[in-house]
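Biologist: Hi, could you walk me through this model? I'd like to go over it piece by piece.

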Amino acid sequence: MSVLPYLVAGWIFLVGLYGLVTSRDLIHAVGCLAVTQSSTYVLLLAVGYRRGGTAPVFADAPAGARVVDPVVQALTLTDIVVGATVTALLLALVVQLRKRHGTVDPDRLSELRG
Amino acid sequence: MSAFPAASALPLVVAVPLLGAAVLAVAGRRLPRVAADAVAVAFAGTAAAGALLAAAGWARGAGGAGGARGSAYAVQWLGGWRPGRGGGTGIAFVGDPLSLGLAALVSLLVIAVLAYSWRYFEEPPLPPGSPGTAGAAGRSGAFPALVLLFQASMSGFCLTGDLFDAFVFFELMGVVAYALTGLRVEEPRPVHGALAFGVVNSLGGYALLLGIGLLYARTGELGLAQLGRRLDHGGGPDALVLAAFVLVTAGLLVKAAAVPFHFWLPDAHAVAPTPVCLLLSGVMVELGAYGAFRVYWTVFAGSGGVPPEAATRTFLTVGVLTALLGAVMCWRQRHLKRLLAFSTVAHGGLFAVGAGVLSADGTAGTALYVLAHAGVKAALFACTGILLDRYASVDEHRLYGRARELPLVGGMFLLGGLALCGLPPFGTSLGKAIAEEAAGRQLPWLTGVFVLVSALTGGAVLRAGLRVFAGVGPRPRATAAETAGTERTHTGARNRDRGTDRHRERDPDRGRDGVDGGAERTPGDEVPETGGPLRRIPATMLLVPAALLAAALAVGLVPQLAAAAGRAGRLFAAHGPYAAAVLDGRAAHGSSPPAVGWTGTGAALGLASTALGAGLALLAVRGPLPEALDRVLGPLRRLQSGHIGDYVAWTTAGLALLAALAAPGTVLGR
Amino acid sequence: MRTSDGWLAAALVPLVLLAPVLWRVATGRPRDRLIALNLAQLLAALALLLASQGFARSSYLDLALLLAVLAPAGTLVFARFVGGVPAAPFVRRIACAAVPATVLPLCAAGGVSRQSVKLLVIGALLVAGSVVTSSGTQESAEADVADPAGGGTGPGAAGGGAEGGVPGD
Amino acid sequence: MTRRGRLRLFLLAALVLAAGYAVACLDLPPFGGDRHPYGDRAVHAALARRTANAVASVNFDQRAMDTLGEETILFAAVLGAVVLLRRTAGEARTEPEPARVSAGVRRLGLALLPVALLVGLYVVAHGNVTPGGGFQGGVVVATALHLLYVAADYRALERIRPVSRYELGDAAGEFAYTMTGVCTALAGPAFLANVLPLGTFRALASAGTVVLLNAAVGMEVACGVVVLLATFLDQAVEIADAPGGPRSADGAPEEEPT
Amino acid sequence: MTDVLVAVALLLVAAAATAAVVNRDPARQAFVLSFLGLSLALLFTYVQAPDVALSQLAVGSALTPLMILLTVRKVTRGSAGGPARTAGPGRRPDRGTARDRRPRRGERR
């Protein structure tokens, strides 16, 4: 249990990468990117957890309560916003890509050979 | 506030462009184009003034007034969250000469870009009578607003002294850059390039964030200074520190386009609008390297971090690989924008080498090199943009001799090529000389790498310039491979034309161009960004590259700059003093700055690389490369497949590579 | 804060039940996936309610409230693309049974207070949402798409086929 | 690269990474550990600033710069999406037909709309006291408006959604947040300093500028998300592809044989 | 007890992430992504991060699926699943390869 959360985060990261590598559809790839990012949420919150602690919200808890780390929660909030916005932007690009190339299959997009 | 100029101006350098962007996003639609541009320039100029003011305040030595009085670091704790005992809970903006200089460079380059695109750069066209969303797209404020956001993000990335805050600005930089790269959605390739750019850079950001998480788990801190301190108290490095180092460095090196994270860069640069290329190539890529070394010095350089030999091994290996691959690929290109993009990759490698020897003078030289390179590379892109808008093509072969009528542009282009080779007294030459001397002391053969790479990249530019602007040598013939390429991309070219009918009306012969543009699989036929080919070159488009080249020259000629770079290098390549200044407000008492300036050997090496580059160029214009060489380089070129899956696989491989490079001496064999 | 293991153990039940639901969401036909997702949202809301009691944090009730409000929206979004909300008497029965079975004891445990009012509101929202979104109403997934070519394809192709609505797979 | 080669390269690298990461995990402090120096300092600071929700205090007070960057990312993404998804030359705009939605769904949607709006506003308003805040509430508000699309009709949504207004709100939120910082920097102690009276602990109007910034974020997020979804809806529902677009090749609708 | 909840939620998240990756058709993936968001929100609640759970719920339950599905609709509209076809090979290789060979205007090879 003491390392399970960290390992799960790593697993999610690698699985997301695997999906990106093997993806045949860019919308699916963007979804995999979102999966990859969720690994960062898990890691950050796991790092900030304190056994027996409660949420650092003192609306309904005594000011002296034993609480978990609020900083990582703030970081994760920012992270989630970043994830949603990046997803939106990439999806917008996919829409235009489909219009111009007629496909969203990366294997068929070979415009940018170097 | 007494200390206003120096320290308190730091956050405003970021905030002012944000205000400008917000204003433009709304007012831009109602303003005429000129007014929108004027507003943008005004805001960018204010921020630039702030950055320069802060830099000047630092030069006066009053820099630390915001935080550490008398210290050479201007420290500003946002929200006034000064650290009590412990590390404090706020975010610090730290202005040391290097970060302030980079912030100033960013702002000045943004002004140059806005001037370059002054009233000419074709905005996303406004579809007639389209409501809300579509109409909003056509407004004339969108482009300058995005540029201002770009400026804010890059300045913030330079100035922040907090690792997670750096990640936020890293992502902001990315988001703006993806949008700017894909700005011309009427064409197929920009969207594709922007998507590859977006996916790879986002992965880099997530790797960076995982690294931040690991560091936080170990130290429970986020500020660079605090992180460094806690690591040093924690005892020797272990696998955790190594993993954090690998993840963080990889994330930042993705932005720096180091091998094998570099694939996105040529794809993005080749298709991004020219004014955007100025920013991407001029400073954004360099910021990636800046971040990597900033984090190394402040966090990992101590006793608890990564041992110097492991770090320098990592940086030097990656840097040399990047420089060589970039140079070779650059030489192979005939699509001018891709050529310049690969030269940026190559020089990024040189920067990694120069700063990777982890010495003050190496850092100082690299700083000068970056400064001058920004000017030169931006000028070259500006000239290419003129070609693009005049001839609707940036293909070296198709433009053969056509640009004889532009002697001024040609002169600037060739001058830029020479400066890229390292011709004294350009700043590129000075920076290269100092950096390669520092590197040569570590490993003698690194000097050869500097000479060879700058000669190859500069030579490629010279070759293209001679062919395009002077028509030197025989008209290039299509090799077998290229005709095959034509075959392959025939349908692609037709596909490509579809999105751009309105341009074809203006330029009847693009149909043919489009078809044989398939050669080399990077077709040279482009759509002018001015909306229709340019008949007369606006003065601004000529002034900007001229000014940029002059600035690059000045970097080499003004001794004060070199001296400042010396002090900057010492303050940047310092672990303890940084933390002391940021956390305790103690003045930085470092060793005396390295003597930085012209040396005989440096100038000689610069002349040598210039001569080599010119010779290669003259040799190349006589005829195409021998087929054998072509076959050798073929596989290298095929790596640049434009396939997002490939790029992700290479990114993963790069992470593994970094781990393998940094492990010996850190966890293995200790 | 002292947590009460009893309620947390109760929260474990819907959590564990989510595993088979995930299987359905991941492998079923689109309509089955939608039903399963609907069920998952219901179970998650119950888990949140019980967790709030188990952690003795009334402020956690906001989570369940938010989910109760947004879950129908999500379901309807998906319904738009599989061509209507499929009939799911199973989900409806579970909603009508499990939600009161969870909410009422929680109210009893909490005593009469603002929390119990909030609990009842959440419960009502959950039941109403689940009942309506599982009440098999067929609507044209293409209705809002004014696309000449799309007209010919009909829900089967664009609404279902593209979205993987291939009945027999 | 071939598909197989790509996969080989990835699996090899992934193996190395997995091994290294696993070893690193063993060096991590065990899950649920008690050492959180920064966290503890942040909690103390939050209580000192009479902010009941310590996370909000970190977001809007102690690390307010992060949130400024975060909101700017959203702002930039909205601006970028609007530019990228603009209607390009040769694309026709088609009027959507009214959707036929079952009475039950329509009733549910219309009943849920005000409730969702209220919940969203509640989450925004209590951001400094209870869990939630500008971002969460803003997203809920924006989603609530789109209940009109999923439950009723796209045109009903358009009636209550003059996109340019929402763009104005989006920019105004960004401007307000930044301007607060600039004012506190020029007139007050430092950029984004918390200069307002702190109020009483656990009160709705506590924590000084946190309330202000929270509200600015809420407005920006709500408006920004509406604009974002509007651009996507515009593409998916209203804009028909350019004639002769790539996909028109064998666009014959084919029922997938199953 | 909390540890048990966290452990179960973690496994659920890992399983959901894996399922989201192996579902090749974006429209089907959207369902799983929505579920992933749900399980993440539960996990966040159990590690005492209600703020994060709230934003995960807000983003994951309706916003992201709506964007993805709108993109899918835009991409698949008119041509009955040009991309649905390219997504096809992911789940039915046999048919996908057969389609890849079909020549189509405006595309390579």
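**Chains, core and salt bridges**

Modeller: Happy to! Chain D has nine helices and two strands, where helices (H or I, at least four residues) and strands (E, at least two) are DSSP runs numbered from the N terminus. This is a predicted model, in which local features need pLDDT of at least 70 and side-chain atom pairs count only at pLDDT 80 or more, while totals for chains, interfaces and linings use all residues. Residues are numbered from 1 along each chain as its sequence is written, chains are lettered from A and ligands numbered from 1 in the order in which they are written, and side-chain values use heavy atoms, with hydrogens and water left out.

Biologist: Thanks. In what pattern do the elements of chain D follow along the sequence?

Modeller: Chain D reads α-α-α-α-β-α-α-α-α-α-β. Of its 258 residues, 64% are buried, meaning under 20% relative accessible area, with exposed being over 50% and partly exposed in between (1.4 Å probe, protein chains only). Taking contacts (heavy atoms within 4.5 Å) in chain D between residues at least 6 apart in sequence, 73% join residues at least 24 apart.

Biologist: Switching to packing: which residues have the most contacts inside the largest nonpolar core?

Modeller: Phe300(B) and Tyr46(E), in a core of 457 residues. A nonpolar core here is a set of buried Ala, Val, Leu, Ile, Met, Phe, Trp, Tyr and Cys residues joined through side-chain atoms within 4.5 Å. Helix H3 (residues 70-101) of chain A gives the most to this core, with 19 residues. There is also a second, separate core of nine residues, including Leu368(B) and Ala562(B).

Biologist: What is Tyr46(E) in contact with?

Modeller: Leaving aside neighbours within four places in sequence, the partners of Tyr46(E) include Tyr49(A), Ala11(C), Phe55(C), Thr2(E) and Leu5(E).

Biologist: Where is Gly205(B), and is that residue buried or exposed?

Modeller: Gly205(B) is in helix H7 (residues 188-219) of chain B, and it is buried, with a relative accessible area of 0%. Beyond neighbours within four places in sequence, Gly205(B) is in contact with Phe167(B), Phe170(B) and Glu171(B).

Biologist: Now the interface. How much area do chain B and chain D bury between them?

Modeller: About 6200 Å², with 72% of it on carbon and sulfur atoms; buried area is the accessible area (1.4 Å probe) that two parts lose on being put together, summed over both. Chain B brings 84 residues to the contact and chain D brings 68 residues.

Biologist: How many salt bridges cross the interface of chain B and chain D?

Modeller: Four, where a salt bridge is a side-chain nitrogen of Lys or Arg within 4 Å of a carboxyl oxygen of Asp or Glu. Glu221(B) forms a salt bridge with Arg41(D), with the closest N and O atoms 2.9 Å apart.

Biologist: And over all chains, what does the count come to?

Modeller: The count is 28 salt bridges. One joins Asp361(B) and Arg441(B) at 2.3 Å, N to O. That pair links distant parts of the chain, 80 residues apart: Asp361(B) is in helix H14 (residues 360-391) of chain B and Arg441(B) in helix H16 (residues 427-442) of chain B.

Biologist: Are those two buried or exposed?

Modeller: Asp361(B) counts as buried because its relative accessibility is 14%, whereas Arg441(B) is at 56% and counts as exposed. In chain E, Asp25(E) and Arg28(E) form a salt bridge at 3.6 Å between the closest N and O atoms. Asp25(E) is buried at 3% relative accessibility, and Arg28(E) is buried at 6%.

Biologist: Which residues are linked in a network of salt bridges?

Modeller: Arg50(A), Arg66(A), Asp34(D) and Asp40(D).
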